[in-house]
Amino acid sequence: MAGFILKRLLQAVFVVLAVTLIVSFAIRLSGDPAVMLVGGAGSVSEQDLQNIRQALGLERPFYVQYFSFLEGILTGDFGKSFMGGTPVSLLIKNALPATLLLAFASLITSIILSVPLGIYAAVNRGRWPDQAIRILSLVGLSFPNFWLAIMMVLFFSIMLGLLPPSGMEGPESFVMPALTMAIILTATNVRLVRTSMLETLSQQYIMVARSKGLRDRVVLYKHALRNSAIPLVTYIGLQFGGLIGGIVIIERVFNWPGMGTLAFDAIANRDYPVLQGTITVLALFIVLINLLVDIAYGLIDPRIRTE
Amino acid sequence: MYFAGPVPLQERGWMSDTANRQSQALLSVRSLSVEFGTGSGAFKAVKEVSFDVQPGKTLAVVGESGSGKSVTSLAIMRLTDYTGGRITNGQVLFRPDGGEAIDLVKASDNKLREIRGNDIAMIFQEPMTSLNPVFTIGNQISETLILHQGLTGRDARLRAKELLQKVRLPDADKLLDRYPHQLSGGMRQRVMIAMALACNPKLLIADEPTTALDVTIQAQILNIIRDLQQEMGTAVIFITHDMGVVAEMADDVVVMWKGEKVEQAPVRDIFSAPQHPYTRALLSAVPRLGSLTGQPLPKRTPVMVMDGGVAKPVGGTHEQNTADYTKPILEVEKLTTRFDVGKTFFGRVTHRVHAVEEVSFDIYPGETLALVGESGSGKSTIGRTLQQLVEPTGGTVRFDGRDMAAMSHGDRRRLRQEIQYIFQDPFASLDPRHTVGYSIAEPIIVHGLINDRKARERRVHELLEQVGLQPQHAKRYPHEFSGGQRQRICIARALASNPKLVIADESVSALDVSIQAQIVNLLMELQEKRRLSYLFITHDMAVVEKISHRVAVMYLGQIVELGSRQAIFENPQHSYTRKLLSAVPIADPQRERAKMRIEGEIPSPVRPVGQEPAIHRMREVEPGHWVAIETDQLRGAA
């Protein structure tokens, strides 16, 4: 197990390096930040633009810029924003909790919803509760996330006036963004739990458990669920990347001051340091979550732990 | 008054005082019917079945696949509720303390849960999948004790340890914290027995508990069940298809066929005077160890096959004098096959499977050489190596005098045409998306044997007829055939390229005995017609006795004894061969055998790098009969 984790950690370093390289390179294809800073081409002389580039360190060759960025990461210094000069690490420090809160809240809500629903559907396979859950899940899967977000705003904020339509002020403002994400995640997870449960329930050890006289609840939640959890945990790890991507859009709709908003603005402004910083930190988190998933396998399944 | 449905057939002698016996029966099943599905798609798996189980006695329920015996066993505890089955008729009367009977068909869920695992327990067929992989052995045994006997976790653990010792598992203390995957199949089945007997049940239902196990392990498990049954006074319902196991275990026997009980009698009567035609057919098909004693050659014998409710003999008696011992077709010399397993962080190999170690043997034209052994003996690896599915690590293989290693790529390809393979599982070895005709024609196309389409079609039709099927079957798909028919198709496919040697790897093991007997006869008939050589790989000694000219017994990657069929069966020399023969249950309750007490697991062929196994030397005890000289290592293991 220790060797396995070490191997994964090494892999993680390479993944993060690759992400930083691609991000640094790709953003430089988007155009000249100096032009952006002065408010468009033609408004100042070429010499002035040259000076700005020099001040931002953009005249250096790409690899020099990239290595100085890597060097910064190691010391926790992501540079300063081109817009206003705030340190990127400070911007991230302010935005990251908001995004993580949203991500984990929606993930946990979705697990709380999808596990019992999925099990219920599996146990009632082919009967009406199963059909109903499957149809609802399909409906959930068919909504684009931004559309669902807008409908939520229309309904809860504008029609009912129950919840604030945007921003992050108090716990109420948190309900809609988290719920939107949770609904979309639940739609997929419920199907996954159902399929995985059906597979487990057909195993002989489930019949053995029943032949021992155990209650249905014990058979399902003790004997079956832990075995079904393995594919579920794998999928949640993979889902986390997509979840972060989805959050960028949800954050825009609800004007949520998180990493997504930060990254989005950075792209619009060609703010290299901010974008590089946010993407690197998000990539780190996704890699970390997947590492945790690998460790979780071992905890759930002794066959992996004792290998 | 006790038989709600039609009175079962052939209730003889002992059943004359039915009413008297029933009053003391522990379990009385009355006119039980179980159905799956609804409406027009409904399928009656069990029809009006009745029988009694006496306290402390063993009732064997025998039948082939689809006979409804497993469904019956599940229905007793109403576990069919969870498999989509419905009990449409009948009673299951259970008298846990000899008094008032409880009808389990009508019992509430709470009542059923009280009885399950406590008064009635069950052991299932597949030990590999019967235990939950994510919980420790201790946890799974304690669970029942905590639930039914109200023990604390600590007391339950102590009792679990005692139970593990009862089923003769060494190191019970450590085992409690182990997980199922760390145990062999035989050990898991013992754990399963410990679990089932935890609460001293009155009735144990064992559904094919030894079918998936090696024969020496089977012998040990049967012993344990018998001993504990006597000790605890448990009644046992033993579900099986193996008449040998029936003869060894049962007091009374119920024979099931197509969902109905066709016969019931004490075990001796079933074997000595079977009444129903199906029972007679079943018994005629069972290969019996020792049935060819004194005869030098293998022999085809007629098989009774059910035809519209009547048993009819198929085939005749014929001695298999087909082998030609002038020049071997295949010569295997010091063949060694190893696989790397277990690697360090830096990719260095730490362990190897020593699957085959310096094995030598010949096969002659028209001869059947049986390769017998238990799991891990390397018998299948030899077959795969000859079929070029696995690269050998060392040694030479000569086919028709030509060295395989020295052959060109093209020659090796042509060799595949001359050596064909029949697999164990007829369900998995045919592509479900191709017609049967296509599957059979494929080797002809691949090897470019017949290019004309019409001629190829004729050839496929011919092959189908040779294996006992009809030409029009070529247009059908595999799912339209039964297991036995599919194995015939696999044989037709193997014969399509006109091979000289056919490797049959457990090819009849998965089949019901009546089908098995027919396929064995078919293989022998084809051998005579085409002068085929067979390498017959199997664990089933009784089939080996019937089909083979010579036998090689394998143990841990090496041959320990090689000789004519008669020499091996009538004059076994090596202790492992004797152990193997002694472990085989014989389908004859009258026959008293001096049984060897068999202990111990089958050792693993996996060894750390650098620890090579000792190669044992062979000596010739009589012409053509070779025996490994027993070293301490080998004697200790066997």
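Trainee: How many bridges join S17(B) to strand S23 of chain B, and do they run parallel or antiparallel?
Mentor: In this predicted model, four bridges join S17(B) to strand S23, residues 550-555 of chain B, and the two strands run parallel. Within S23(B), B:Val551 is the bridge partner of B:Ala370.

Trainee: Which residue in S22(B) is the bridge partner of B:Thr368?
Mentor: That partner is B:Tyr534. Strand S22 covers residues 533-538 of chain B, and five bridges join S17(B) to S22, again in parallel.

Trainee: How many residues of strand S17 are buried?
Mentor: Five of the five residues of strand S17 (368-372) of chain B are buried, so the strand is mostly covered.

Trainee: Which way do the residues of S17(B) point?
Mentor: B:Thr368, B:Ala370 and B:Val372 point one way, while B:Leu369 and B:Leu371 point the other way. In a regular strand, side chains alternate between the two faces of the sheet.

Trainee: Which residues have the most contacts inside the largest nonpolar core?
Mentor: They are B:Ala194, B:Val246, B:Val253, B:Leu371 and B:Val553, in a core of 242 residues.

Trainee: What does B:Val553 touch?
Mentor: Leaving aside residues up to four places away in sequence, B:Val553 touches several residues, including B:Val372, B:Gly373, B:Ile559 and B:Leu580.

Trainee: Changing topic, in what order do the five strands of the open sheet in chain B come?
Mentor: The order is S19-S18-S15-S16-S25, with antiparallel pairing. The edge strands are S19 (402-403) and S25 (606-608) of chain B, each pairing on one side only.

Trainee: How many bridges join strand S18 to S19(B)?
Mentor: Two bridges join strand S18, residues 394-399 of chain B, to S19(B). In S19(B), B:Asp403 is the bridge partner of B:Arg398.

Technical notes
Residues are numbered from 1 along each chain as its sequence is written. Chains are lettered from A and ligands numbered from 1 in the order in which they are written. This is a predicted model: local features need pLDDT of at least 70, side-chain atom pairs count only at pLDDT 80 or more; totals for chains, interfaces and linings use all residues. A nonpolar core is a set of buried Ala, Val, Leu, Ile, Met, Phe, Trp, Tyr and Cys residues joined through C-beta atoms within 7 Å. A residue is buried if 20 or more other C-beta atoms lie within 10 Å of its own, exposed if 12 or fewer, and partly exposed in between; C-beta atoms are placed from the backbone. Two residues are in contact if their C-beta atoms, placed from the backbone, lie within 7 Å. Two strands pair if DSSP finds at least two bridges between them.
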